[in-house]
Amino acid sequence: MPNVPALSLRALTKRYDSGLLALDSFHLEIPAGEFFGLLGPNGAGKTTLISAICNLIRVTSGEILIFGIPHREAAARRLIGIAEQDVNLDRFLDVEETLVYHGGYYGMSRADARRRAREMMDVFDLRAKAGVRAPELSGGMRRRLLLARALMHEPPLVILDEPTAGVDFELRIELWRYIRRLHSQGTTILLTTHYLEEAEELCADIALIRAGRLLARDSAPALLAEWGGESLADVYVKAMAS
Amino acid sequence: MSDVALTVEPAGGALSRAVAGHRGLAALATREVHRVIKLWTQTIVAPVVAAFLFILVFGLSLSGRIKLVDHVPYRQFIVPGLIVMAMVQNAYANNSASVFQARLDRYLNDVLASPMRNWEINLGLSLGGAVRALFIGLVLAAASLPLTGAPIRDPLVLAAATVLGVTMFSSLGVVVGIYAKTWDHAGFVQNIVIVPLSFLGGVFYSVSRLPSPWREISHANPIFYLVQAVRYGFLGSSDVSVALALGITAGLTAATVAWSAWLFKDGRKLKP
């Protein structure tokens, strides 16, 4: 899919039934192969944006295209993998079952899903926990399993909603290694995070959002040049106060 | 970290995509049945034991005092109603609990974000309760028919009524699982609506023997018609015509199936 953006949001608006305007005519385009960071305070609209892309909320108006395909179509759904901020693992399934069933939901044959699950368990060092149910895993193992599940069906666009929230330093570095490697293999990544150093470290392109609107978007050095300051934290503070 | 690739080239054309769509349904249905099997002491053994105790205690102990109901020995008369009561209660309980738990823990998002179609998700979530109910019905029939001597007079009517009843309550379970905001909501429908209507649906007695107005009131109970259709399938007799019983049961089943289908199509209760 040459020259087709991995993600296009056109005038995307989401107003919840409560009246809250979470996204206000939001425009965004992410080229294929990009490592894109989305920064903003709580309530900025990051999770709403991701939920809209993943067809987990109803969109009020606007358009979402995944590699040029409307986001509600099955073909578009297959192209996205998501690791949500909250650990939402099936409490009745063990690690291997979680991965195999996820592969099935995305149309993989049982044999392919089993093979891929074994690969993912090896990649994320989960093999020893293959038969352990999700509620019995440590917090770090659950984060790994969330990431492994998001990658099971080999999506070219992976959305990571605060994947390192609440994890210790060692696991954060380890998850960074997984994510960097995934990007190096050609996967487009959309990352939301509260950790500014994480966005600066990983993302080639960064967007700052507040109250459902895009405030700024550029590389970290370009944002520093535009807004002034010595770090991304300075840019963030200035942008949010603007 | 292993050197295994995190991505591979996607493959497949239109045909493989069509096949893959049904794989999603198969996976979700298997997951729901898998849950039933994992929790077998709660999902199978407990309801079978409870229903079988009813057959033993009421059927065998009271059959000495109540000889015949509508020319049928009492120990045989109560078997169809008790089997269908156990089936529909468990079809409902299974799906309302499974869907509500999936919403509460938000692992339903893994399914909602997938390429599965709305009808596939609806059907996949419904099948767990249906399989559980059919398994309970088969075990109860296998245990109680030899014990009581109850016959199967009209297998076609029995099969039709069973499929309709299980479908109706499986869909109702999915509907309530979607609407429920707490565990109490799902339990309320079970304890305050389904169980009382089951007991008052002519499971233990012939409604035709009730004095007016209780006889007429009983005819407003939707479960009454399901019990009558199943009883006709087993014993060849019922309080109302089998066509009426099957017709009303089919109408109610169509209504609950349409309700659950609309909830998935509309999406408001599943996607804010």
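User: Which residue in β2(A) does A:L12 stand opposite?

Analyst: A:L12 stands opposite A:F26 in β2(A), and since you are just starting on this structure, please keep in mind that the model is a predicted one.

User: How many bridges join β1(A) to β2(A), and which way do they run?

Analyst: The two strands run antiparallel, and 6 bridges join β1(A) to β2(A).

User: What other strand does β1 of chain A pair with?

Analyst: Strand β1 of chain A, which covers residues 7-15, also pairs in the antiparallel sense with strand β4 of chain A, residues 61-66, over 5 bridges. Looking along that pairing, you will find that A:T13 has A:S61 in β4(A) as its bridge partner.

User: What order do the strands of the sheet come in?

Analyst: The order is β2-β1-β4-β5 in chain A, where 4 strands form an open sheet with antiparallel pairing. The edges are taken by β2 (21-30) and β5 of chain A, each of which has a single partner strand, so one side of each is left without a neighbour in the sheet.

User: How is β5 held to β4(A)?

Analyst: Strand β5 of chain A, residues 69-70, runs antiparallel to β4(A), and 2 bridges join them; in β5(A), A:P70 is the bridge partner of A:L65. These strands form a hairpin with 2 residues between them, and in that hairpin A:F67 takes a positive phi near 50°.

User: Switching to helices, is α1 of chain A buried or exposed?

Analyst: Helix α1 of chain A, residues 46-53, has 8 of its 8 residues buried, so it is largely enclosed by the rest of the structure. Among the buried residues are A:K46, A:T47 and A:L49.

User: What comes after α1(A)?

Analyst: α1(A) is followed by A:N55, a residue whose phi is positive, near 65°.

User: Where is A:E136, and why is it called exposed?

Analyst: A:E136 sits in the loop between α4 and α5 (139-151) of chain A. It is exposed because it has 12 other C-beta atoms within 10 Å, and a residue with 12 or fewer is classed that way. If you compare positions with the buried A:T47, A:E136 and A:T47 are 89 residues apart in sequence and 27 Å apart in space, C-alpha to C-alpha.

User: What does chain B look like, then?

Analyst: Chain B has 10 helices and 2 strands, and from the N terminus on its elements run α-α-β-β-α-α-α-α-α-α-α-α. Its C-alpha atoms fill a box of roughly 75 × 35 × 35 Å along the principal axes, and buried residues make up 47% of the 272 residues in chain B.

User: How many residues touch between chain A and chain B?

Analyst: In the model, 37 residues of chain A are in contact with 32 residues of chain B. On the side of chain A that touches chain B, at least two residues each come from α2 (74-77), α3 (95-105), α4 (110-123) and α6 (169-184) of chain A. The residues of that side of chain A divide into 16 nonpolar, 9 polar and 12 charged.

Terms used: Residues are numbered from 1 along each chain as its sequence is written. Chains are lettered from A and ligands numbered from 1 in the order in which they are written. This is a predicted model: local features need pLDDT of at least 70, side-chain atom pairs count only at pLDDT 80 or more; totals for chains, interfaces and linings use all residues. A residue is buried if 20 or more other C-beta atoms lie within 10 Å of its own, exposed if 12 or fewer, and partly exposed in between; C-beta atoms are placed from the backbone. Two residues are in contact if their C-beta atoms, placed from the backbone, lie within 7 Å. Ala, Val, Leu, Ile, Met, Phe, Trp, Tyr, Cys and Pro count as nonpolar, Asp, Glu, Lys and Arg as charged, and the others, Gly among them, as polar. Two strands pair if DSSP finds at least two bridges between them.
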